[in-house]
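Trainee: Hi! Could you walk me through this structure step by step?

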Amino acid sequence: MDTITAAEARRIALAAQGFVDRAPGGVPDMRHLRRVLGRLHLLQMDSVNVLQRAHYLPLYSRLGPYPTTLLERAAYRRPRELFEFWGHEASLITVDLQPLFRWRMADAQAYAWGSMTRVVREQPDLVAWVLDEVRDRGPLTAAQIEHDAPRDKSHWGWNWSVVKQALEWLFYTGAVTAADRTSSFARRYDLPERVLPRAVLDAPTPTPAEAFRALVELSAQALGVAAETELRDYFRLPVAGFKPALAELVEAEVLQPVTVRGWKPVAYLHREARLPRRVGAATLVSPFDPLIWERGRTQRLFDLNYRIEIYVPAAQRQYGYYVLPFLLGDRFAARVDLKADRKAGVLQIPAAWLEPGADPDETAAALAVELRRLAVWLGLESIAKPERGDLAGSLSAVLLGGAPGVP
């Protein structure tokens with residue numbers, strides 16, 4: 001078993017995630033978008049919009065300011081390049097992978113959760129009626145179906161949540177899919193044959209074992225080097241399907257077991273992984289970025305103890321509500337709590353914190369450049385003074401001293 005250092009593992013991981021790819025020479029276009037999606041395979045979605053929707057940010061971290069219409073076109077316009085499904089949580093997944101998730105659709109009873117399985121078990125007539133509504137009138141939101149529902153069906157225990165549960169069950173089984181999203185981020189449902197490319201629908205369905213093997217390999221490509229937990233977590237695979245797939249990939253020498261110095265678990269290196277000499281990144285990374293999905297790996301790779309504190313009571317938060325780590329080179333040098341005040345046109349910085357070992361002056365200077373870039377991308381006119389944190393003073397001095405239009 002070969003041995004690599006933690007620093008080598010870190011650079012391998014950043015390269016696999018696209019952080020050493022050449023920056024676009026001008027405004028990023030669909031080719032650049034496809035390049036990132038070809039590395040990541042999916043983008044996690046989340047309803048929190050305090051700064052920017054989660055699925056937009058990983059592309060920004062790798063491409064810089066890009067037209068968000070590119071992603072909207074890829075996800076919700078023909079020819080579709082992405083589709084919504086449960087990959088790593090709710091995700092936008094490249095359409096070519098749709099056949100690899102049919103095992104999850106076919107065995108939804110085993111993988112879906114309580115409210116969805118309960119509604120199909122207790123109210124199958126309601127689920128059938130909702131599917132007919134989508135077939136006859138789609139695309140539709142859950143609210144539209146509920147609004148138009150005949151009131152004499154009150155014996156179903158009719159309310160919006162039950163309609164939503166029925167739709168989510170149909171979505172999980174693949175009977176319906178997302179046609180697009182409304183301005184309020186509500187999903188509009190339609191039949192797959194009216195949304196997905198014909199070639200995707202006609203593609204043969206792999207066996208579950210074939211799908212697991214393909215998904216584990218894609219996880220390994222996207223991560224570069226990773227332990228079992230992270231490989232399985234990428235697409236949230238069941239242990240029973242994951243273990244044989246991993247063994248087969250090792251036997252086929254697609255994955256090589258390696259020892260990473262300082263890591264307790266055995267790691268697996270994909271045979272196409274590359275080790276760059278250096279990483280020149282200087283970008284903010286979303287809490288929902290695949291680079292830091294698995295917090296144990298984030299700790300081992302970057303010595304970064306990170307968690308999302310959205311659901312932590314305000315008085316108990318250590319760093320802030322929506323905190324983004326700042327990647328400088330191949331290490332995280334800072335973390336900043338950010339909020340886009342769209343009405344006032346201001347990028348607010350409730351807190352800015354320096355990571356141990358990072359140089360405060362160098363970090364503040366680089367972070368100020370990145371914050372200005374982010375503000376422009378978000379269409380915000382100014383950046384507020386950082387409110388608290390051990391980097392707030394240095395960052396304030398840089399922002400106040402050299403940023404046109406910054407108060």
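Mentor: Happy to, and let's start with a word we'll need: contact means heavy atoms within 4.5 Å. This is a predicted model, where local features need pLDDT of at least 70, side-chain atom pairs count only at pLDDT 80 or more, and totals for chains, interfaces and linings use all residues. Residues are numbered from 1 along each chain as its sequence is written, and side-chain values use heavy atoms, with hydrogens and water left out.

Trainee: Okay, which residues is Ala54 in contact with, leaving aside neighbours within four places in sequence?

Mentor: Gln44, Met45, Asp46, Ser286 and Phe288.

Trainee: And where is Ala54 placed?

Mentor: Ala54 is in the loop between β2 and α3 (57-63). Those labels come from DSSP runs, numbered from the N terminus: helices are H or I with at least four residues, strands are E with at least two.

Trainee: Is Ala54 buried or exposed?

Mentor: Ala54 counts as buried, because its relative accessibility is 1%. The cut-offs are under 20% relative accessible area for buried, over 50% for exposed, and partly exposed in between, using a 1.4 Å probe and protein chains only.

Trainee: You mentioned Ser286. What does Ser286 touch, not counting residues up to four places away in sequence?

Mentor: Ser286 touches Ala54, Leu57, Ser61, Ile292, Tyr322 and Leu324. Ser286 sits in the loop between β10 and α15 (295-302), and at 0% relative accessibility it counts as buried too.

Trainee: What does the side chain of Ser286 reach?

Mentor: The backbone nitrogen of Phe288, at 2.9 Å. A polar contact is a pair of N or O atoms within 3.5 Å; within protein, one must be able to donate a hydrogen and the other to accept it, and residues adjacent in sequence count only if both atoms are side-chain atoms.

Trainee: Let's switch to sheets. What order do β2, β3 and β4 take?

Mentor: They form an open sheet in the order β2-β4-β3, with antiparallel pairing. β2 (42-44) and β3 (82-87) are at the edges with a single partner strand each, so one side of each has no neighbour in the sheet. Two strands pair if DSSP finds at least two bridges between them.

Trainee: How many bridges join β2 to β4?

Mentor: Three bridges join β2 to β4 (residues 89-94), and Gln44 stands opposite Ser91 in β4.

Trainee: Now helices! How do α1 and α15 pack?

Mentor: Helix α1 (residues 6-16) and α15 pack at an angle of about 125°, with their axes 8 Å apart. Axes are lines fitted to C-alpha atoms, for helices over the stretch in contact, and angles run from 0 to 180 degrees between N-to-C directions. The two helices are therefore oblique to each other. Under 35 degrees counts as roughly parallel, over 145 as roughly antiparallel, 65 to 115 as roughly perpendicular, and the rest as oblique.

Trainee: Which residues meet there?

Mentor: Ala9, Arg10, Ala13 and Leu14 in α1 meet Arg297, Leu301 and Phe302 in α15.
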